[in-house]
Amino acid sequence: MPPAHPSPILRRRRLGTELRKLRESAKLTGDQVIEAVGWASASKLSRLENGRSRPDLRDVLDLLDLYKVTGELREELTAITNEAGDIRGWLRSYATMTPRQRGYAELEAGCAEIREYSPVIVPGLLQARQYVNLRILSSRQLGPGSDDTEDAETEVKARMARQSLLTRDGEAPQYSAVIEEAALGDRAGPRDVLRAQLIQLRKLAGLPNVTIQVLPTDRTIADWYLPHTGFSLYRFAEPQDPETLAIEGLATNLMVTEPKEIATYSMVFEWLREAALSPEETVAWLIEKAGQRSSGASRSAGRDPGMPPTQRSRRSGRLTEQ
């Protein structure tokens, strides 16, 4: 059954492709279209055709009038426009969601299947609240983001709201993740945060649509293959929406729909799954590590024993920065 909330970002891409085809069929240049509909900027049409902007229904209807589109095609493109511009209720409620997090949320909205490989950070859909808070606050020094704790809490709530995707009645996608052991190691956070994250992973691994596998550091991938970066693969219920590869960088994200690229990363994901612990072994591993974090917390007296004294003094009062 198709999801009730198609992916807005995929709808924008599909709408842009259809509008570009209609313009080319009408044998009109971009400048001719801009002049005909009375828009002030040529970049407006370019952003619309490339799926880079949230479409306004009135603008799309003006283009459909110009291209003389009627009947079922007009109705279909009007519906796609509404879906492309849709911001679901929980997204409207959390205005401080970063553009990057919003982009992922829009991708996830219409997914039938998600596959993720994470070498250093637990995937967003699997993060415990304490871990989310740590990741958000620790990265704010890299950009102009505010240090206001209320803003941070709002963004934490937005991230947690995204996670409802995995438990959505009748529409939850099939989700698989391979997480490197290092992503759950001492450098990832204080003991109490890591223990909460391990417990969260154990809980989510019990969902019928969720498969989690930990990749130990001593496992060999295929013929000594080394992945270059983490990545996510998205498959959508609507056959017109192309499977999408997302690679997250420090400053920008790369999104690809080229079938050859998708096939390559799909093969790599299978290698990773074969090298990782089985889902059952992963659950046992998570339980064991959570127990170790619990017993170690009392000995650490509230501090991470893996942190050298010089780092503790530099970061006094700011455990969430790293």
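## Two loop residues with positive phi

Lysine 68 sits in the loop that joins α4 (57-66) to α5 (71-84). In this predicted model, lysine 68 has a positive phi of about 60°, although it is not a glycine. Its relative accessibility is 69%, so lysine 68 counts as exposed, the cut-off for exposed being over 50%.

Tryptophan 224 lies in the loop between β3 (210-215) and β4 (231-236). Its phi is near 60°, again a positive value in a residue other than glycine. Tryptophan 224 counts as exposed because its relative accessibility is 68%. As background, most residues other than glycine have a negative phi.

## Packing of α8 against α10

Helix α8 (residues 129-139) packs with helix α10 (residues 191-204) at an angle of about 130°, and their axes are 7 Å apart. The two helices, α8 and α10, are therefore oblique to each other. On the α8 side the contact is made by Gln130, Tyr131 and Leu134; on the α10 side, by Val193, Ala196 and Gln197. By type, the residues of this contact between α8 and α10 are 4 nonpolar and 2 polar, with no charged residue.

## The largest nonpolar core

The largest nonpolar core has 35 residues. Those that touch the most other members are Leu126, Tyr175, Leu184, Leu201, Ile212 and Tyr234.

Leaving aside residues up to four places away in sequence, leucine 126 touches Gln163, Leu166, Tyr175, Ala177, Ile179, Gln197, Gln200, Leu201, Leu204 and Ile212. Among these contacts of leucine 126 is Gln197, which also takes part in the contact of α10 with α8.

Note on methods:
Residues numbered from 1 in each chain as written. Predicted model: local features only at pLDDT ≥ 70, side-chain atom pairs only at ≥ 80, totals over all residues. Heavy atoms only, no water. Axes fitted to C-alpha atoms, helices over the stretch in contact; angles between N-to-C directions. Helix = DSSP H or I, 4+ residues; strand = E, 2+ residues; numbered from the N terminus. Parallel < 35°, antiparallel > 145°, perpendicular 65-115°, else oblique. Contact = heavy atoms within 4.5 Å. Nonpolar A, V, L, I, M, F, W, Y, C, P; charged D, E, K, R; others polar. Core = buried A, V, L, I, M, F, W, Y, C linked by side-chain atoms within 4.5 Å. Buried < 20%, exposed > 50% of the residue type's maximum accessible area, 1.4 Å probe, protein only.
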